[in-house]
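Please look over the sequence and the model below before reading on. The report then takes the chain helix by helix.

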Amino acid sequence: MIEFDIREIVTVSMVLFAVIDIIGSIPIIIDLRAKFGHIESEKASLASGAIMIVFLFIGEEFLNLIGIDVHSFAVAGSFVLFFLALEMILGIRLYRDEAASSASIVPIAFPLVAGAGTMTTLLSLKAEFQTINIIVAIILNIILVYIVLKSSAKIERMLGENGLGVIRKTFGVVLLAIAVKLFAANVKGLFV
């Protein structure tokens with residue numbers, strides 16, 4: 001039965017917002033715009049949404065195919081979220097991407113928006129929340145991604161360097177708390 005739950009949608013939206021960290025990625029987006037010229041916001045947003053929704057549905061089957069259960073993946077995902085949160089809070093870089101060669105689908109849709117952290121998060125969330133609410137949260141985040149891609153220069157001027165730093169660190173703490181919750185909720189499933 002399809003059941004929309006506003007609380008679930010808000011929670012999942014906040015988790016995805018923190019993981020995708022599109023506001024914190026504004027400096028990267030501005031740099032890509034300077035290197036490659038125009039960024040196709042519509043194409044990048046639609047590709048990101050499609051990647052996330054497809055992975056939401058086939059990700060679990062893929063895991064089953066290789067013999068991994070959702071609880072194991074969720075615990076692994078909680079570690080990924082934990083390290084992403086540490087990056088955001090401490091301002092360090094643990095994960096390094098290769099240099100970009102274009103600025104539409106790669107690297108914006110993948111891995112900037114729908115990267116490894118987002119994929120791990122989606123399957124972790126699927127273990128706790130209803131799929132329909134996750135899809136709504138994905139759509140809301142993709143709309144936000146589109147708005148940010150379209151107006152990244154204006155947002156950067158409006159928030160300034162310090163504003164971006166505060167937002168990044170705040171969402172880092174939220175993400176850290178979510179990682180701890182995901183770990184606690186799924187670790188007992190490993191031993192049942």
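## Model and confidence

This is a predicted model, in which local features need pLDDT of at least 70, side-chain atom pairs count only at pLDDT 80 or more, and totals for chains, interfaces and linings use all residues. Residues are numbered from 1 along each chain as its sequence is written, and side-chain values use heavy atoms, with hydrogens and water left out.

pLDDT is the predictor's confidence in each residue, on a scale from 0 to 100. The chain averages 84, and 94% of its residues score at least 70. Among the elements, helix α7 has the highest mean pLDDT, 96. Helix α2 (residues 26-36) has the lowest, 75. Where pLDDT is low, the predicted coordinates should not be read in detail.

Helices here are DSSP runs (H or I, at least four residues), and strands are E runs of at least two; both are numbered from the N terminus. The expected span of a helix is 1.5 Å times one less than its number of residues.

Helix α8 covers residues 152-187. A straight helix of 36 residues would span 52 Å, yet the end C-alpha atoms of α8 are only 39 Å apart. Where does α8 kink? The kink is centred on glycine 160 and is about 90°. The bend at a residue is the angle between two fitted axes, one for the seven residues ending there and one for the seven starting there.

Buried means under 20% relative accessible area, exposed over 50%, and partly exposed in between (1.4 Å probe, protein chains only). The buried residues of α8 include Ile155, Leu164, Phe171, Leu175, Ile178 and Leu182.

## Helix α4 and its ends

Helix α4 runs over residues 70-90. Its 21 residues should span 30 Å, and its end C-alpha atoms are 30 Å apart, so the two values agree. Buried residues of α4 include Val70, Phe73, Leu81, Glu87 and Met88. Among the parts covering the buried residues of α4 are α1 (6-20), α3, α6 and α8.

Aspartate 69 caps the N-terminal end of α4. One of its side-chain oxygens lies 3.2 Å from the backbone nitrogen of histidine 71. Just after α4, glycine 91 takes a positive phi of about 70°.

## Helix α7 and asparagine 141

Helix α7 (residues 131-150) holds asparagine 141. The 20 residues of α7 should span 28 Å, and the end C-alpha atoms are 28 Å apart, which agrees. Buried residues of α7 include Ile134, Ile138, Asn141, Val145 and Leu149. An α-helix has 3.6 residues a turn, so residues three or four places apart point the same way.

Is asparagine 141 buried or exposed? Its relative accessibility is 5%, so asparagine 141 counts as buried. Beyond its neighbours within four places in sequence, asparagine 141 is in contact (heavy atoms within 4.5 Å) with Ser13, Leu16, Phe17 and Ile20. Asparagine 141 and leucine 16 are 125 residues apart in sequence, but their C-alpha atoms are 7.1 Å apart. A polar atom of the asparagine 141 side chain lies 3.2 Å from the backbone oxygen of serine 13.

## Three salt bridges

How many salt bridges does a search of the whole structure find? It finds three. A salt bridge is a side-chain nitrogen of Lys or Arg within 4 Å of a carboxyl oxygen of Asp or Glu. Side chains of opposite charge can pair when their charged atoms come close.

Lysine 150 pairs with glutamate 42, with the closest N and O atoms 3.4 Å apart. Lysine 150 lies in α7 and glutamate 42 in helix α3 (residues 41-65), so the pair ties together parts 108 residues apart in sequence. Lysine 126 pairs with glutamate 60 at 3.6 Å between the closest N and O atoms. This pair links helix α6 (residues 116-126) to α3, across 66 residues. Glutamate 128 and lysine 181 meet at 3.8 Å, N to O. Glutamate 128 sits in the loop between α6 and α7, and lysine 181 in α8, 53 residues apart.

Key
Polar contact = N/O pair within 3.5 Å; in protein donor to acceptor, adjacent residues only side chain to side chain.
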